[in-house]
Amino acid sequence: MYDIIQHRRWYYIFSTLVIIPGLAIMIYSMVTIGTPFRLAIDFTGGSLWELRFERPIPPGDMVSFFQSQGINDANVHTIGDEYTLVIRTKPLSPEEKQTLLQAMEAHFGQKPEELQFRAVGPTVGKEVTRTAFIAVVLASFVILGFIIWAFRQVDHPFRYGVSAIIAMIHDILVASAFFSLMGFLSGWEVDALFLTALLTVIGFSVQDTIVVFDRIRENSRRRKGEPFEVLANRSLLETMQRSIATQINAMFVMIALLLFGGVTIRQFIATMFVGMLSGTYSSIFIATPLLVSWNNREGIFGWFGGKKKVRAKNASA
Amino acid sequence: MQSRNNLILVLILLLILLAGYIALPIDHPDWFIRIVAPHQKGDPNALTLRLGLDLQGGTQIQLMPDLPAGQTATADDLERARAIIERRVNGLGVSESLVQTGKDRIIVALPGVKDPDAAIETLRSTGQLEFVDLGSNPEGLGAGDQINTTLGEAPNPVSDKTYETIMTGDKLKNVDVRRNANTQKPYIAFELTKEGSRIFGDYSGSHIGQFLAIVMDKTILSAPVIKAKITDAGIIEGDFTLEEAQNLAIQMKYGALPVPLKVVDVRTVGPSLGEDSVRRSLLAGTIGVIVVLLFMFAYYRLPGLLADLALIGFVAFNMALYKIIPVVLTLPGIAGFLLTTGTAVDANILIFERMREELRAGRSLPSAVEAGFSRAWTSILDSNLSTILTGLILLYFGSNFGASVVQGFAITLIIGVLVSMFTAVFATRTFMRFLIQHFAEPLKDKLSWFSI
């Protein structure tokens, strides 16, 4: 039987090596722009205006046009092609919008087509941030509670819950780091959909972990007396096929959405994609190894009680 | 046992056919709608797929009470404001519009609206209607001029003079637009409440020949001359077109809001972007589902083929449920649905992997099939419950601040997971049992069909 579990230190090191640079990006972002991610107008308030022109208009020209209209905080970039501009400003009222549209037509000699417009008042943003934070914390606790309940008949249900939550935080950190990085590379901004992606990653990450834990639960009933390390390893190998097959299917769907789906949800899908990859990885290489480490009181788990060295070397290999 | 399974199989196949029929983009006959979706009876859009603003184009507006610090609007204020806004929206003639109250706000969805900015203007106007005494109108005031009244000052009054308000709009009972039988010119007919009749009777009786201004939010809508004493009912004649008369009537009728409102969030999607999104989502969805179907067959062979049948049923059931409930489909909603096809397939993968294990361990085909289903069930249930819990939190999170994008995703996710438990577990098991019962002998030596 191939022993995945014995290399657990390497998995911890690998994940740390992925997460630390991610955290560094977020901290760098905190220092430079004040938040770990670029925030969309959902949180900051403001207007986002997507306009398509018949002739390409350089973003710089649009910025100076807005300045000539007395709006100095306009941030303009192209999206998709050079005909489509995304303009971000302070919240615009319908009257201001109409005035700007007319002035734009006069200035550029063409009337743009309005693809999308969104305006959020400044007070709403704070509230959204608060609700979002509550939602993520609430989700973590509900899932912790659920796992402890679902594994109530096994020894140490709390360990299962905590290990699953650590794996979940791992996935949130990986997805967040990815998003923060993309914020620097392509200007991605955190909006309500990013939070939805995170919460979905939480749901699916736990789903993967539960499938493995479930097998441990079953095997521990059937194979009483087998060392936990061997039992955990056996359960991992038995569920590996499923984890891979499921992940491949999810990838097919998400790649189809990324390649052919609507442009507006591309960031959402990409974040989910990274998060789910991390979810499958963490259910195999983080959650279950953590259970074993905890059982053997290794490293920081030694603080939770007396040292108990269980070194069952591949009893059934 | 065997005949019972056959019966269930027939029922499942009939249900899939029924769902497929509901999912078809056709006009369903009335009697059919009455049976399948009695709550949509009489709705012209009954059993059609409802598309959200991001797919159809349109505007969503969130309005919040605009009160000085310290003052708060009660739930009752909000509900009354919602009712008035709803009537104003209906006045705009946008089909399928939706006006809801959130915790502290009113959310207005105007799918397919042509001029969102004008619509926002109509909704947002506080709509305080006053009848103001202009006397002999020495300043020559008319429609469009702003004036100060005894109830408050105008933002840009034409003069510093303050005019006396006789009555406010809440004393109007009914307002209608009619046409003069001879000249065909439109005029407005109104009725007054009892108290209104008394106030207006006293005033109009003693002010014949003088000007009366109908003022909305300090702006004069019309300034007719009083021709006779008006008690319980009267008419306003003027030089307006039918459309102007109708607008005036709507404003008189649905005027006063209990609290002033401010627009806190506007989301407009142009129709071309919506169409593009629909086209892309259809393409992405079709490709995604086909690849999954192929993968399941290639990887699991015969059981995979049955899972594919169940997956087709899954798609049909979801579509049918979206139409029956009805669910408004959004872009994230479509993503949610496609993700749950993954969940549906995952349940089958769990089961088939288990079956393989049991077959490799030397079990007979029928007992391996049964063991596969019963052993995988706890994993499927536990993992799906965790997804449903997350979905419910998302739903709560989304409804709390009007993020319909989040709600759309959560709803399709929850429905998808629930349906997947039926199709991927119950339906696939029925198919498998049928196969085992009727073809156990020929299949015995064909374990390769089970990818062993």
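## How chains A and B meet

In this predicted model, 55 residues of chain B are in contact with 55 residues of chain A, contact being counted when C-beta atoms, placed from the backbone, lie within 7 Å. On the chain B side, at least two residues each come from helix H5 (116-124), strand E13 (261-269), H8, helix H9 (331-360), helix H10 (365-400) and helix H11 (404-443). These elements are DSSP runs numbered from the N terminus, with helices (H or I) of at least four residues and strands (E) of at least two. Sorted by class, the side of chain B that touches chain A holds 30 nonpolar, 15 polar and ten charged residues; here Ala, Val, Leu, Ile, Met, Phe, Trp, Tyr, Cys and Pro count as nonpolar, Asp, Glu, Lys and Arg as charged, and the others, Gly among them, as polar.

Residues are numbered from 1 along each chain as its sequence is written, while chains are lettered from A and ligands numbered from 1 in the order in which they are written. Because the model is predicted, local features need pLDDT of at least 70 and side-chain atom pairs count only at pLDDT 80 or more, whereas totals for chains, interfaces and linings use all residues.

Let us look at one helix pair that joins the chains. Helix H8 (residues 228-260) of chain A and H9(B) have axes that come within 9 Å and cross at roughly 155°; the axes are lines fitted to C-alpha atoms over the stretch in contact, and angles run from 0 to 180 degrees between N-to-C directions. H8(A) is therefore roughly antiparallel to H9(B), a term for angles over 145 degrees, with under 35 counted as roughly parallel, 65 to 115 as roughly perpendicular and the rest as oblique. The crossing of H8(A) and H9(B) is right-handed, the near helix being turned clockwise from the far one by less than a right angle, and anticlockwise if left-handed. Among the residues making the contact are A:Glu238, A:Arg242 and A:Leu257 of H8(A), and B:Ala335, B:Asp346 and B:Glu357 of H9(B). By class, this contact of H8(A) with H9(B) has ten nonpolar, five polar and five charged residues.

Within chain A, helix H1 (residues 8-33) and H6(A) have axes that come within 9 Å and cross at roughly 50°, so H1(A) is oblique to H6(A). Their crossing is left-handed. Residues that meet here include A:Gly22 and A:Met26 in H1(A) and A:Ala177 and A:Gly183 in H6(A). The contact of H1(A) with H6(A) divides into ten nonpolar, seven polar and no charged residues.

Chain B is divided into domain 1 (2-48 + 270-450), domain 2 (58-125 + 262-267) and domain 3 (129-253). The centres of domain 1 and domain 2 of chain B, taken over C-alpha atoms, are separated by 37 Å. Helix H1 (residues 2-23) of chain B packs with helix H8 (residues 271-324) of chain B at about 50°, their axes 8 Å apart, which means that H1(B) is oblique to H8(B). The crossing of H1(B) and H8(B) is left-handed. B:Gly20 of H1(B) and B:Phe317 of H8(B) are among the contact residues.

How values were computed
Two residues are in contact if their C-beta atoms, placed from the backbone, lie within 7 Å. Domain bounds come from an automatic or database domain assignment.
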